[in-house]
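Work through the exercises below with the sequence and the coordinates at hand. Each task is followed by a worked solution.

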Amino acid sequence: MKNINYILNPDYTFKNDLKRVILYAKSQPAEYSSKSWFSIIHPVQAMILSFFSKERTLDEAIRLICLFLEISDEEAKTKIMPFIENAEPLKNSYKGHNFYFPKMLIIKANRNKCEEFSPEEMICEGNDFVTKRLYSGPLMLTLMLSNQCVTKCCYCYADTSSQVENPLSTDKILDLIKEAKAINMNKFNLIGGEVFLHKNWNVILKELVKNDFYPDIISTKVPITEKIISKLENAKYSNNIQISLDSMSSDSLEQSLYVNKGYIDRVKKGIYLLDNNNINYQIATILTTYNDSIESMSSMYNFIKSLKKIKSWRIAPAMNSLYKNYQEFSNIKTNREKVENVYFFIEKEIKPQANFDIILDHSYLDRNYFSSEKGSEHFAGSKCSALNNHLFILPDGKVTICEQLYWNKNFIIGDIKTNTLTQIWNSPQALRLAYMKKEYIDKKSKCYSCGQFQNCFDNRNRCWTDIIKAYGDEHWDYPDPRCKKAPQMIQELNF
């Protein structure tokens, strides 16, 4: 071990968040690294790890740590040895705070180089290991390239009707990518509408990859062509293309997506093109009354099982949309019994024989409405990133907090055409929403008189979108319907 050179795993990097340091995994970590890692660590811990951002022997790194922190050789060894090729994530505690670290944090040096950090870069203004919201700016960004589509899905949650009169220029988007890189952001995702309908999508994607931003997926209903394949290869994009395909029935797709008879054949041709090229892809299916049957899913599987390179098949029920008439949507919304029947059949009959992953989304079936007594920190479901570490940019440059709220005036917090990402993150509009006070909301809302108001809002885990879906835009400040104090929904989210 003495003569071996070690290095901070290049799959991980740091972000000085002013009062603590963020340790996170980059877009495409190796299999031995922790994927999608994000944790808050003590600045001193980051300082110690920074000595391995250059190749060094253990003895050399320990000597430098001792000099910088003015600690003994034994103290330095105690602090650093647990991170040497650690096979599992680690936890340590300091003054009542727990700090978490990914696996394989310090590894034997190889050809890959990590970013170089000095311990001085990890010095912070103070210590705060509790606040969820980042101080220094967002860590993740989603850009809606276009709100145009090739279909008119009966269940679409996106605002595809608003006219974008002055869209962001390609040059401005390229500048935005550089800005995101400069402030050490982790993710930069692209969505639509349809990404492939933007005239320069390939130029933008290529710049993202060049800056080590790999959008998690690019989801599309555009039939894939050889031209699209060529542009994807030229951009060196290596994450998944997600093909949205709900049925193998042309009649079903015509009614639910408002497409013509030849659409299904073009989509299948595009999937075969992906299957015969070196591009990762997955298929996503949304369940509605048009396809919520065992017969329909069996037909889908019979097609999918013939594919050689598909990564996964993802299935989820259509959720309520802010941009569809509720009564019309109710006619195509499936119900719990049918979803559970389909899921049971897939689990029992299809999964055991499939040679690809099948992911059944239970999240909207398991929301546990009207159940939580302890505020948003304890709500069922995934944790909300809005106002904590994520921004959403609309095609015209307006910035909002969530990809389902779009141009809702209550949630626009800035404009990328006139402000930087950091300025928008700390804008008066953003801070008002992030640190809500009782005087900002209607006294008729049960939140106003709730004794848990501050803790609930400070955790920023209320789903603003579900609140508006359930109670209407004028009641955006009502309780999240997962709260036991929430009133009866005006528009039911349950299945």
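The model is predicted, with local features requiring pLDDT of at least 70 and side-chain atom pairs counted only at pLDDT 80 or more, while totals for chains, interfaces and linings use all residues. Residues are numbered from 1 along each chain as its sequence is written, and side-chain values use heavy atoms, leaving out hydrogens and water.

**Exercise 1.** Determine how helices α4 and α5 are oriented to each other.

Solution. Step one: α4 covers residues 170–182 and α5 residues 201–210. Step two: the helices pack at an angle of about 10 degrees, with axes 10 Å apart. Step three: angles under 35 degrees count as roughly parallel, and α4 and α5 are therefore roughly parallel to each other.

**Exercise 2.** Which residues make the contact between α4 and α5 (contact means heavy atoms within 4.5 Å), and how do they divide by type?

Solution. Step one: α4 contributes T170, I173, L174, I177 and K178. Step two: V203, I204, E207 and L208 come from α5. Step three: the contact residues divide into 6 nonpolar, 1 polar and 2 charged.

**Exercise 3.** Describe the protein's dimensions and burial.

Solution. Step one: the C-alpha trace spans about 75 × 60 × 50 Å along its principal axes. Step two: buried residues (under 20% relative accessible area, 1.4 Å probe, protein chains only) make up 54% of the 495 residues. Step three: of contacts between residues at least 6 apart in sequence, 69% join residues at least 24 apart.

Terms used:
Axes are lines fitted to C-alpha atoms, for helices over the stretch in contact, and angles run from 0 to 180 degrees between N-to-C directions. Helices (H or I, at least four residues) and strands (E, at least two) are DSSP runs, numbered from the N terminus. Angles under 35 degrees count as roughly parallel, over 145 as roughly antiparallel, 65 to 115 as roughly perpendicular and the rest as oblique. Contact means heavy atoms within 4.5 Å. Ala, Val, Leu, Ile, Met, Phe, Trp, Tyr, Cys and Pro count as nonpolar, Asp, Glu, Lys and Arg as charged, and the others, Gly among them, as polar. Buried means under 20% relative accessible area, exposed over 50%, partly exposed in between (1.4 Å probe, protein chains only).
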